[in-house]
Amino acid sequence: MALNTEERKAVTYFTGYEVEHTRAYNMFTLFVVGTPPLGDILRLAEYHKVQHIYFGTSQSFNPEAYEHWETWSDRINGCLAKDYWVTLDFDVKHAEGVAEEGWNEHDRFIPMISVKIPYVKLFNYNTTVKIDDTTWGKSNPGVWTHQLHTLMDPAKYTYWDQYKSDDVVE
């Protein structure tokens, strides 16, 4: 089903195969927008026989206060406890908070750090992406640099039209 961004945000659940090249690639997936009740998520996951639950669909992960983090933690931990593969798609600005939640201790947790780079194809061959720390020596042993063009390997690319086969769950 082809939905635009605003239509996708108005829907709570989708099912489909994971098209992004992660550990869950090609797994049948329940995509979840926001934080609906855990019982509903688990009921739908079982009913649709999914292997993987994808949180933060349609860029919906945006906890602003501690109680929002508690709600996300309840949903994610509840799904991990049932042995589902769980992806959380989050903006890079939430990396520290996600790291502190303890989800990375689960082998079936997939943190999807979303780094928005508008007009990425306009940058030249020399463009470098730097994985840095919040300040010198705070939490990382150093920095990593990657040539942008090597990160854009065609084997890791997902075309926008590959997202159109999801089915809305009513």
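Helices (H or I, at least four residues) and strands (E, at least two) are DSSP runs, numbered from the N terminus. Within this pairing, Ile53 sits opposite Val86 in E4.

A word on what you're looking at: this is a predicted model, in which local features need pLDDT of at least 70 and side-chain atom pairs count only at pLDDT 80 or more, while totals for chains, interfaces and linings use all residues. Residues are numbered from 1 along each chain as its sequence is written, and side-chain values use heavy atoms, with hydrogens and water left out.

Zooming out, the protein chain has 5 helices and 8 strands, and along the sequence they follow the pattern α-β-β-α-β-α-β-α-β-β-β-α-β. Of its 170 residues, 37% count as buried, where buried means under 20% relative accessible area, exposed over 50% and partly exposed in between (1.4 Å probe, protein chains only).

Now for the sheet as a whole. It is open, with 6 strands in the order E5-E4-E3-E2-E1-E8 and mixed pairing. Strands E5 (109-114) and E8 (167-168) are at the edges with a single partner strand each, so one side of each has no neighbour in the sheet. E8 is joined to E1 (residues 13-17) by 2 bridges, and these two run antiparallel; here Phe14 has Val168 as its bridge partner in E8.

Helix H2 packs on this sheet, touching E1, E2 (28-32) and E3 (52-55), and its direction makes about 155 degrees with that of E2. Contact means heavy atoms within 4.5 Å; axes are lines fitted to C-alpha atoms, for helices over the stretch in contact, and angles run from 0 to 180 degrees between N-to-C directions.

Which residues of H2 are buried? In this helix (residues 38-47), they are Leu38, Ile41, Leu42, Leu44 and Ala45. These residues cover an arc of only 165 degrees around the axis, so they lie on the same side of H2; the arc is that of the directions from the helix axis to the C-beta atoms. The face turned away from the buried side carries exposed Arg43, Glu46 and Tyr47. Just after H2, Lys49 has a positive phi of about 55 degrees.

On to E3, which is covered on both faces: His52 and Tyr54 are buried on one side, Ile53 and Phe55 on the other. In a regular strand, side chains alternate between the two faces of the sheet. E3 also pairs with E2, in the parallel sense over 4 bridges, and Phe55 is the bridge partner of Val32.

Phe55 has a ring partner, too. With Trp72 it forms an edge-to-face aromatic pair, 6.4 Å centre to centre and with 80 degrees between the planes. Rings of Phe, Tyr and Trp (its six-membered ring) pair if their centres lie within 6.5 Å; planes under 30 degrees apart count as stacked, over 60 as edge-to-face and the rest as tilted. This pair links distant parts of the chain, with Phe55 in E3 and Trp72 in helix H3 (residues 66-81), 17 residues apart. Both Phe55 and Trp72 are buried. Ring pairs tie Phe55, Phe61, Trp69, Trp72 and Phe90 into a cluster.

Technical notes. Two strands pair if DSSP finds at least two bridges between them.
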